[in-house]
Amino acid sequence: MATSQYFRHNVKSEQNLYEDLIIESMQFYGQDIYYLPREVVHRDFIWDDAVLSQFQYAFKIEMYIESVEGFDGDGDLFTKFGVEIRDAVSLVMARRRWNTEIAKYVNGPIDITDREANVYYRPREGDLIHIPMSQTTFEIQKVEDESPFYQLGNLPTFKMRCEKFEYSDERFNTGVPEIDHLARIGAYQTRLALDKINVEG
């Protein structure tokens with residue numbers, strides 16, 4: 001049996017209502033989270049990797065933490081090279097809120113003829129997410145922009161898979177003190193003090 005001919009799934013008013021409900025539920029059940037877009041200062045064109053990056057903006061926006069049982073991932077691993085913290089989190093952000101609160105400020109005036117333009121159509125891998133509630137910073141690893149898949153004929157959310165951020169000489173100048181101190185906090189060292197034992201015998 002085919003779908004009902006009396007209901008259509010691509011009615012703009014219903015899509016707007018559905019998106020409004022998603023945004024309202026995120027404002028109820030979500031958290032205020034900072035989004036930090038990465039700016040590449042120096043790139044290694046041989047390996048196509050960012051050698052030096054900086055973060056100058058921090059946009060506060062509501063997101064829903066989908067990992068209801070805390071940060072998942074592999075947890076803390078003790079290896080021969082030290083302790084690796086592999087916490088991960090899954091976050092959901094409304095597409096319309098992304099466009100109004102972040103994208104229009106990051107993009108600025110866009111030259112559509114410039115194919116190398118740094119255009120933010122969605123959150124990008126490598127950008128940072130700072131969660132003030134737990135004082136933790138995550139790096140975006142994967143952005144899923146088709147989940148849920150066209151429930152009412154549109155895509156109202158972004159789903160981001162993030163892993164714990166490992167500081168590697170990035171510059172922070174966002175104007176938010178708790179974020180700008182990441183350079184000092186992130187460059188921590190763990191020192192093991194071993195006492196010398198005299199063995200006589």
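**Rings, a glycine and a surface patch**

A search of the whole structure turns up six aromatic pairs. To count, rings of Phe, Tyr and Trp (its six-membered ring) need centres within 6.5 Å, and planes under 30 degrees apart are called stacked, over 60 edge-to-face, and the rest tilted. Take Tyr 35 and Trp 98: their pair is edge-to-face, 5.4 Å centre to centre with 80 degrees between the planes. Tyr 35 sits in strand E1 and Trp 98 in helix H2 (residues 95–107), so this pair ties together parts that are 63 residues apart in sequence. Helices here are DSSP runs of H or I with at least four residues, strands are E runs of at least two, and both are numbered from the N terminus. Tyr 35 and Trp 98 are both buried; that word means under 20% relative accessible area, while exposed means over 50% and partly exposed is in between (1.4 Å probe, protein chains only). Together with Phe 158, these two form one aromatic cluster.

Before going on, a word on what you're looking at. This is a predicted model, in which local features need pLDDT of at least 70 and side-chain atom pairs count only at pLDDT 80 or more, while totals for chains, interfaces and linings use all residues. Residues are numbered from 1 along each chain as its sequence is written, and side-chain values use heavy atoms, with hydrogens and water left out.

Now for another ring pair. Phe 165 and Phe 172 have ring centres 6.2 Å apart and planes at 80 degrees, so they too are edge-to-face. Phe 165 is buried at 12% relative accessible area, and Phe 172 is buried at 11%.

Next, find Gly 30, in the loop between helix H1 (12–29) and strand E1 (31–36). Gly 30 counts as buried because its relative accessibility is 18%. Leaving aside neighbours within four places in sequence, Gly 30 is in contact (heavy atoms within 4.5 Å) with Ser 25, Met 63 and Tyr 64. Met 63 is 33 residues away in sequence, yet the C-alpha to C-alpha distance is 5.2 Å.

Stepping back, the protein has four helices and ten strands. Of its 201 residues, 31% are buried. Among contacts between residues at least 6 apart in sequence, 61% join residues at least 24 apart.
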